[in-house]
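Here is a short briefing on a protein model. Look at the sequence and the structure first, then work through the points by topic.

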Amino acid sequence: MLVLIVGIGKVGDILTEYISKEGHNIVIIDIDPKILETTINKYDVLGILGSGTSHNILVEAGARKADLLIAVTTSDEMNILCCLMAKCLGTKNIIARVRDPVYSQQRSFMSDELGLNMTINPEYEAAYEMSRILRFPSAIKTDIFAKGRVELAEIKLGEDNPLNGHMLSELSAILKARILICAVQRGNEVIIPSGNFKIESGDYLYITASHQELSNFFKSVGIYRERVRTVMIIGGSNIAYYLAELLDGLGMNVKLVEKEEQRCLELSDLLPNTKIIYGDGADRALLLEEGIENVDACVLLTSIDEENIILSMYAKKLGVRKVITKIDRTSFTDLLGSLDLESIISPKTVTSNNILRYIRAMNDTMGGSVQTLYKLVDGKIEALEFLVKNDKLITGIPLRDLKLKSNLLVACLIRGNKIIYPRGGDTIEPGDGLIIVTNHIIKDIDDILL
Amino acid sequence: MNYRIVLYIIGHIMRIEGLFMVVPLIIAVFNREETILSYIIPIILLLGIGTLLTVKKPENRRLYAKEGLVIVGLTWIILSLFGALPFIFSSEIKSFTDAVFEMVSAFTTSGASVLGNVEILTPSQLFWRSFAQWIGGMGILVFVLAILPQTETQSMYIMRAEVPGPVVGKLVSKIRLTARILYGIYVALTIVVVILLLIGGMPLFDSVLHAFGTAATGGFSIKNSGIAYYDSVYIEGVIAAFMIIFSINFNLYYLLLLGKVRDFFKSEELKWFTAILISAVTLVTINIYHIYGNIGDALRYSSFQVASMVSTTGYSTVNYHMWPEFSKVVLMILMVVGACAGSTCGGIKISRLMILGKSAAREIRKIVYPRSVMAVKIENKKVEDEVINGTIIFFIVYIFLIAVSVFLISLDVFDFETNFSAVIASINNIGPGYAIVGPAENYSNLSNLSKWVLMFDMFFGRLEIYPILILLSPRTWIKKL
């Protein structure tokens, strides 16, 4: 598949990395020769110097026969124009990053009338992800499959967790909940565990279960957290605006601290139900005065990563139950685990995951199509949801007779409203939703076989 | 530095060289030569050591610019050392230095020989010499990139270190496919040469070997008198034409394949190349007219020699050392200029000279109009300042290397013309120079020290200085930041 990526910024770079790993042909277009040079050195891609809105450049890059163009330059207008030009030239699918709320409100017009297959708004996506975390605060992060029927939650085992030192096969006896641990992160290693795997304190567990079972699980291991009712947001970026709006819709009380007066006025106009505080979020006295000790959750959204990290640590120390940290530069996020910061969101990762999901879903084959895709642990493993079609190779055969790849786990079967944790005797049937956790790259459902 | 990955890739390359050596072995068996054992031992050595080095895949497969340069530099040296073994074991070339010199000259596509009489070599040895030249022409690492399955993403560093030219780009997004296209064009054109030479009445074996020499712009012949042996205007014409064709940037042929004929002819480098060719042929023809007395012969010899020099091949049909001084200077300039970047030629390359000339013009203009701002443009695209600086540094180091080499070679007793032309002919991968190392002579008269200096010059020329320079620099090997 030929993929053109226009604009190599934070998102462009991570997209190039992930898509080139999937083996597609990539041509990147950027106006900065230095960025092109470093990107070509890092990944096996072709670089073209020039503007993505230039007809000649697009033709040179191969827009006439490209399968997909992703425009992620800093300018919304440029992205849209670039996509439209590519579409006219013959590119089959076009994706534009569009950030301005003005455009975001006309998404359906842009997809129906302008033919944009997907518009992405990283700030909105990040805010949406954060709102989901706040809705379910017991886990570090939750992702949903099958339109919310199955959740994938990430938790960290604390030192006093009753599960420490137990083998996975013993868990069902201890727990009052039907859950499945589909991946474990220990240090830098990611393990797809078997029954005799022993979990230890400090491990990060990835768990799939229905919403109700997940709640039961959290209660029985004593890490259940009350619903979040009050949230303090520090930093008044676009993400803060989207998040405040989403949380307001969920009925939470939101307080937003922003240090620029002009922006405060704008926000107070846009968010009538949110308390806007004009002041420096990095000021300890101000935070205490505004009652940071008493809020259920705190979200750090300033434009400086370091400030977000320090403030998160401070909030944690004051005993805020749920802290979400926004990070833009993800090079060292693995170190943050040791700081006891758990919920870390980076807009570029969220965005690229969404685009990747779309790309996988483009590979709609005979066997089945990718419905959902999450990259976990910095992309080291993936959780995918397939909609199984009438695929003779895998349907109707008991799982124990299927020759599956190693390091691949069939986590769940979703049949109608029922969630099945498959055992050796179960079979996959056409129409099932199938959730797979693996460190391989699975593009087609048949790829799960050896 | 990541030594494991360096050794791993070199292991792969040794195995490939071992496999390449099977071809002359087959020829030796076919001709019932006595030299069979002199191939079997190196093949076993290469395959054995290569396999040992590649048994375990290194876990850390990170490859940066430094590793890329070291891999390329080491590969070529190791390749030449092992490649020389058949000559030594069969004692067809007795001295170790001479055997290595012959092999370095082959792989770097220089075509400088230490053999007074090449016709006494067995066919398999002749084949190995020319075959090595052909492999060296496009580059062994490019070959590896073409055949290995999904290579590491950072292998661009390797490709850049091996393919000549100031800026090396890819043709398509995948490096492996790029390498395959390049080799595909190379193989196809070589086959065309073989067929055309066969039509001209050259025996098959000779055709293949001369096609190798032409394609790589190397210049090894299997006759003592070179191409003149065949005394055929047709054969000379074919070889001259293809020396020129192999001097043109291969990326342009890819454009032709894509049907972009207009873009092909738009290439600025190609225009300059054509201009240089035509003016050189004209000047030399006029200058040597009085020797041959008729325009036809003068044109025939001058055009062949100009093609041979500008493409840095080094084939000769006449002893041009006997030509007037003016023609010799023209040929010497052609040797230094070389042809297009991204071809199989040596020399500085026209595109580098274009950058140098245009930036010099810019600087001069700046002296007159201090406030003027002007971009250096090649092929209608702005050349980045980094590339300009890189080119200038390349040129300075190149001059410096020539000076040092001439200085070292002067320890021999020969005249300046010999010393200077030997260095120029080596560092630009031509082969024959003037006087003692001229077309009618060979390099056997030089001392061992001179031979080693020239070998390094050939490496410097083929790999465009940096890989070998990095290899020789102690800082590469000392653990320091």
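Two strands count as paired if DSSP finds at least two bridges between them. Keep that rule in mind for the sheet below. The model is predicted.

- Six strands of chain A form an open sheet in the order 3-2-1-4-5-6, with parallel pairing.
- Strand 3 (46-49) and strand 6 (118-120) of chain A stand at the edges.
- Each of these two edge strands has a single partner strand, so one side of each has no neighbour in the sheet.
- Ignoring direction, neighbouring strands of this sheet are turned by 15° against each other on average.
- Strand 5 (residues 93-97) of chain A pairs with strand 6 of chain A in the parallel sense, over three bridges.
- A:R97 stands opposite A:I120 in strand 6 of chain A.
- In general, the strands of a sheet pair through backbone hydrogen bonds.

**Helix 1 of chain A**
- Helix 1 (residues 10-21) of chain A has twelve residues.
- From first C-alpha to last, helix 1 of chain A reaches 17 Å, close to the 16 Å expected at 1.5 Å a residue.
- Nine of the twelve residues are buried, so helix 1 of chain A is largely enclosed by the rest of the structure.
- Among the buried residues are A:V11, A:I14, A:L15 and A:Y18.
- A:G23 follows helix 1 of chain A and has a positive phi, near 90°.

**A helix pair in chain B**
- The axes of helix 20 (residues 416-427) and helix 21 (residues 448-462) of chain B come within 7 Å and cross at roughly 40°.
- Helix 20 and helix 21 of chain B are therefore oblique to each other.
- Helix 20 of chain B makes the contact with B:A422, B:V423, B:S426 and B:I427.
- Helix 21 of chain B contributes B:L454, B:D457, B:M458, B:F460 and B:G461.
- By class, this contact has six nonpolar, two polar and one charged residues.

**Two loop residues with positive phi**
- A:N407 has a phi near 55°, a positive value in a residue other than glycine.
- A:N407 lies in the loop between strand 19 (381-388) and strand 20 (408-415) of chain A.
- B:T312 also has a positive phi near 55° and is not glycine.
- B:T312 lies in the loop between helix 16 (295-310) and helix 17 (325-337) of chain B.
- Is B:T312 buried or exposed? B:T312 counts as buried, because 32 C-beta neighbours lie inside 10 Å.
- A:N407 has 14 other C-beta atoms within 10 Å, so A:N407 is partly exposed.

Definitions and conventions. Residues are numbered from 1 along each chain as its sequence is written. Chains are lettered from A and ligands numbered from 1 in the order in which they are written. This is a predicted model: local features need pLDDT of at least 70, side-chain atom pairs count only at pLDDT 80 or more; totals for chains, interfaces and linings use all residues. Axes are lines fitted to C-alpha atoms, for helices over the stretch in contact, and angles run from 0 to 180 degrees between N-to-C directions. Helices (H or I, at least four residues) and strands (E, at least two) are DSSP runs, numbered from the N terminus. Angles under 35 degrees count as roughly parallel, over 145 as roughly antiparallel, 65 to 115 as roughly perpendicular and the rest as oblique. Two residues are in contact if their C-beta atoms, placed from the backbone, lie within 7 Å. Ala, Val, Leu, Ile, Met, Phe, Trp, Tyr, Cys and Pro count as nonpolar, Asp, Glu, Lys and Arg as charged, and the others, Gly among them, as polar. The expected span of a helix is 1.5 Å times one less than its number of residues. A residue is buried if 20 or more other C-beta atoms lie within 10 Å of its own, exposed if 12 or fewer, and partly exposed in between; C-beta atoms are placed from the backbone.
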